[in-house]
Amino acid sequence: MQEELTQFERNDVWELVPCPPSQTIIGTKWVFQNKLDEQEEGIDYDETFAPVARLEAIRILLAYSCFKNFKIYQMNVKSTFLNGFIHDVYKLKKALYGLKQAPRAWYDKLSSFLLQNGFRRVKVDTTLFVFEKGQDCLLVQNYVDDIIFGATNESLCKKFSKLIQGEFEMSMMGEINFFLGLQIKQCQEGIYISQSKYTKDLLKKFGIEEGRTVSTPMATNVKIDKDEKGKSVDESKYRGMIGSLLYLTASRSDILHVVCLCARFQSNPKESHMSVVKRIFPYLKGTIQYGLFYPKNENFSLKGYNDSDYAGNIDDRKSTFGSCQFLGVCLVSWFSKKQNCVSLSTAETEYISTTFCCTQLFWMKQTLADYKCSYQFANIFTKPLDAEYFASIRSRLGIMHIE
């Protein structure tokens, strides 16, 4: 608490003024519980939205660092929200914790500082800032109080570190190794991304440290439906397991399909659904060290693959599709989703799947333009994929082919 008070003084959070007559003064006691009086929009605050980086954007930056062969560093901002100026609260000059506009105020403060020092904010991902000097560039990605950065010239990193530490109270954490729950290891061969520690904690949390392992996250002959006549299970436990597994899909594309499939039944889970979810954990036990490896490679081409079943959902006959996007050999984006409408043909469901894949590719293309990487898309359908290679793509996405 003393450290927080010191930060208040350093950041000039408030000023001492005479007590206005007939006015109630807010106390200065520490509150360790939820507040009862909520702020009112239009009175206490206006704009609260603060951009945060997408996970795909983080993976693109990591893949780009492998392509250009430079290190990524990380720093943390101390007492982040005390740095942002606000304009809506009487006599309170800085954005204290708990105010709805605090994240926005901090983002405005940081972005203004970077723009004033020669950075440019990119158009697509507004959490990415670029500083260019000759043929070299410095990339800075912000996620609330965490900042990661890297440059094609090491001297730019040192100058940036000195610059920002002169303005804000920062903790320099060296090379990035843990960010947004991802374990990131930078080595001579490339970058390895995993969540092995989180996986071990997950197995311990749900008591699945002992027992057998399985080779696939889901049996190929299983068909999941609402099972309205089945026995219900604890909704809280089921949702907890699904939520924990969804967080793990940040680096494990192999379980995405089955986790998203089971997530559809969180409102009224049955024993049949729980059995499918429980099977995922023995698979994780045998694949704890699985993750993503981004090798240093001169190939940085942008490619996307997609696949879909036809009317695979037993309850509403909607199709499920999956897609993945690569930069060279680096898998940076993937998703599995049930289509919003019922397709009347296999061609229609494939076109819908391709549309979503192309949408992601265009977003990535526009994002990479800020990295000075330009792409010209070839024909979407160039030639039939080799059956063995297509099978490997499906395996990485965790998609089972449905006849």
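Is D316 buried or exposed, or partly exposed? D316 is partly exposed, at a relative accessible area of 28%. Here buried means under 20%, exposed over 50%, and partly exposed in between, with a 1.4 Å probe and protein chains only.

Some ground rules. This is a predicted model: local features need pLDDT of at least 70, side-chain atom pairs count only at pLDDT 80 or more, and totals for chains, interfaces and linings use all residues. Numbering runs from 1 along each chain as its sequence is written, and side-chain values use heavy atoms, without hydrogens or water.

Now the salt bridges. The criterion is a Lys or Arg side-chain nitrogen within 4 Å of an Asp or Glu carboxyl oxygen. That rule gives 11 salt bridges.

D316 pairs with K338, closest N and O atoms 3.0 Å apart. K338 sits in strand β13 and D316 in the loop between β11 and β12, so the pair ties together parts 22 residues apart in sequence. Strands are DSSP E runs of at least two residues, helices H or I runs of at least four, numbered from the N terminus. K338 is partly exposed, at 26%.

Next, E132 and K372, at 3.8 Å, N to O. E132 is in strand β3, K372 in the loop between α9 and α10, 240 residues apart. K372 is exposed, at 61%; E132 is partly exposed, at 39%. R120 and D370 join both of them in a network of salt bridges.

Last, E56 and R54, at 3.1 Å, N to O. E56 is buried, at 17%. R54 is partly exposed, at 34%.
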